[in-house]
Amino acid sequence: MKRLSAATLAQLPGQVLRPAYEPRSAAIGVVHLGVGNFFRAHQAAYLDEAMNDGATGWGVCGVSLRAPGTRDALAPQDGYYTLIESDGGTARARVIGSLRELLVAHEQPQSVVSRIADPATRWVTLTITEKGYGHSGAPAGAEPAARLDATHPDIAHDLAHPDQPRSAVGLLHAALLQRHRARLGGLTVLSCDNLSCNGDLLRDLLLAFDRIRNTGAHGWIVDEVCLPNTMVDRIVPRTGQAERALAEELLGVTDAWPVITEPFRQWVIEDRFAGPRPALEQSGVQFVRDVRPYETMKLRLLNAAHSTMAWLAVPAGIATVDQAIATPAWRDFIQAMWREEIIPGLDADVVEAAPAYCDSLLARFANPGLAHLTAQIAMDGSQKLPLRILSSIRANLLRNLPIDRLSLVVAAWIRYLEGIDEQGRAYAPDDPLLPQLQPLARERNAGAAVRGMFTDIAVFGDLAGNQILAGRTAHWLARLRQSGSRDVVAHDGLRDGLSGAH
Ligand code: CS2
């Protein structure tokens with residue numbers, strides 16, 4: 001069977017949407033770092049629509065930091081790929097044309113730096129996951145120097161070899177320096193990862209990196225580089241054989257790397273740019289003064305529920321989110337956690353919108369067309385727990401609100417890290433801190449396991465010494481080990497929650 005490419009585009013069935021512009025002559029104006037499935041289902045699709053509407057100069061150079069897989073799959077397809085939107089019933093295919101160039105930073109760091117430094121580049125966007133930033137975990141408001149983890153292997157490498165950068169911060173800094181020296185105007189940099197005030201964080205990291213390198217560009221970065229905070233949302237599972245087969249069925253040609261996603265999407269961006277921007281509001285992008293209310297809702301309601309289901313589900317052998325949420329006890333548990341332990345701790349400006357938002361989340365989680373793997377969501381918990389769960393625990397402790405179900409989630413994360421499922425089979429938890437965390441999680445005495453985990457202060461911060469949290473977490477860890485996730489959620493989740501322990 002033929003392969004998707006510029007040559008086969010005209011042969012696709014009429015119902016498959018495709019670019020209304022000529023992608024091969026579209027000029028590049030965006031460099032994206034971390035060209036994975038999320039980017040291809042989200043920002044690249046919005047830019048594709050802007051170009052369909054006539055915007056010019058917004059083609060994308062997609063950069064993988066390390067793995068050549070995306071480039072190798074899509075270069076023979078002239079950058080084209082299929083985006084499949086599934087509501088669980090119907091699946092609609094659309095060919096995206098905005099990806100105009102593919103680079104792998106590990107192989108060609110200078111090409112990436114030159115592309116970002118190119119005068120035609122107006123935006124740099126990033127989806128490099130929480131662990132890709134090389135940040136220390138120090139909170140917003142701390143000195144920039146304290147937020148950069150200068151001992152992180154990639155950051156340390158880039159500080160020592162600034163001409164051969166491998167981290168996102170190192171690549172970006174090298175390119176900014178070239179722009180500064182060439183007296184170019186500024187740049188807009190949009191971090192699109194699930195972090196709190198992602199733009200502010202990246203600015204602090206760049207400034208801290210610059211201070212250590214002592215380049216004299218500090219003032220220029222502050223004045224000319226715009227880093228609006230953003231919130232992005234779309235559920236985008238990994239691509240597997242089933243998605244490849246579906247793309248082939250819908251297109252009549254093969255696609256080595258299609259992406260499947262839900263119909264829902266959201267992109268909220270603070271309205272401050274160093275130069276022009278496409279009229280993305282026509283596609284529903286919200287330009288706002290302050291992204292924080294949107295970000296808090298998403299991290300503490302959507303992402304928190306995702307992580308809760310994932311950490312409970314993996315040891316119990318529940319493979320996908322739609323399977324987890326289809327169990328009434330699990331749905332009740334998530335709803336009770338939202339209602340009693342998360343929404344009351346949110347700031348007043350979002351409390352009103354939260355119940356309807358949660359209803360829409362339940363419907364999105366139930367989408368049977370996505371097969372969103374719990375093992376995918378469970379990964380990198382050390383990076384996710386603080387923003388998704390510990391943030392609510394902190395808020396509740398201040399206001400004397402309950403933290404019982406939230407502590408169960410902390411226990412579920414520890415249980416997940418053990419790497420042995422409820423049937424005694426081994427699986428491989430995925431976390432950058434695994435070598436440090438797994439031996440602690442495997443400590444047989446639940447109280448000792450929790451004490452050990454909490455002393456990893458990079459994750460628990462000021463909560464490390466909290467006896468109430470430690471006590472409840474140890475209680476739940478013992479229960480999870482003894483009876484398994486299904487039983488704990490069905491019998492204890494609600495009943496013990498009513499004890500109001502906080
Ligand atoms: C998920 C997110 O993998 C995860 O941790 O919670 O990727 C989630 O699907 C997205 O943030 C939805 O926008």
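How do the residues of the shell around the ligand divide into nonpolar, polar and charged? They divide into one nonpolar, four polar and five charged, where Asp, Glu, Lys and Arg count as charged, Ala, Val, Leu, Ile, Met, Phe, Trp, Tyr, Cys and Pro as nonpolar, and the others, Gly among them, as polar. This is a predicted model, in which local features need pLDDT of at least 70 and side-chain atom pairs count only at pLDDT 80 or more, while totals for chains, interfaces and linings use all residues. Residues are numbered from 1 along each chain as its sequence is written, and side-chain values use heavy atoms, with hydrogens and water left out.

The residues surrounding the ligand are Asn 194, Asp 233, Arg 234, Lys 298, Asn 303, His 306, His 372, Ile 377, Lys 384 and Arg 388; a residue is near a molecule if one of its heavy atoms lies within 4 Å of it. Helix α11 (292-316) gives the largest share of this shell, three residues, and α17 (381-399) also supplies at least two. Helices are DSSP runs (H or I, at least four residues), numbered from the N terminus.

Polar contacts are pairs of N or O atoms within 3.5 Å. In the side chain of Lys 298, an N or O atom is 2.6 Å from an oxygen atom of the ligand. For Arg 388, the distance from a side-chain N or O atom to a ligand oxygen is 2.9 Å. On its own the ligand has 340 Å² of accessible area, of which the protein covers 88% (Shrake-Rupley method, 1.4 Å probe).

Definitions and conventions:
Polar contact = N/O pair within 3.5 Å; in protein donor to acceptor, adjacent residues only side chain to side chain.
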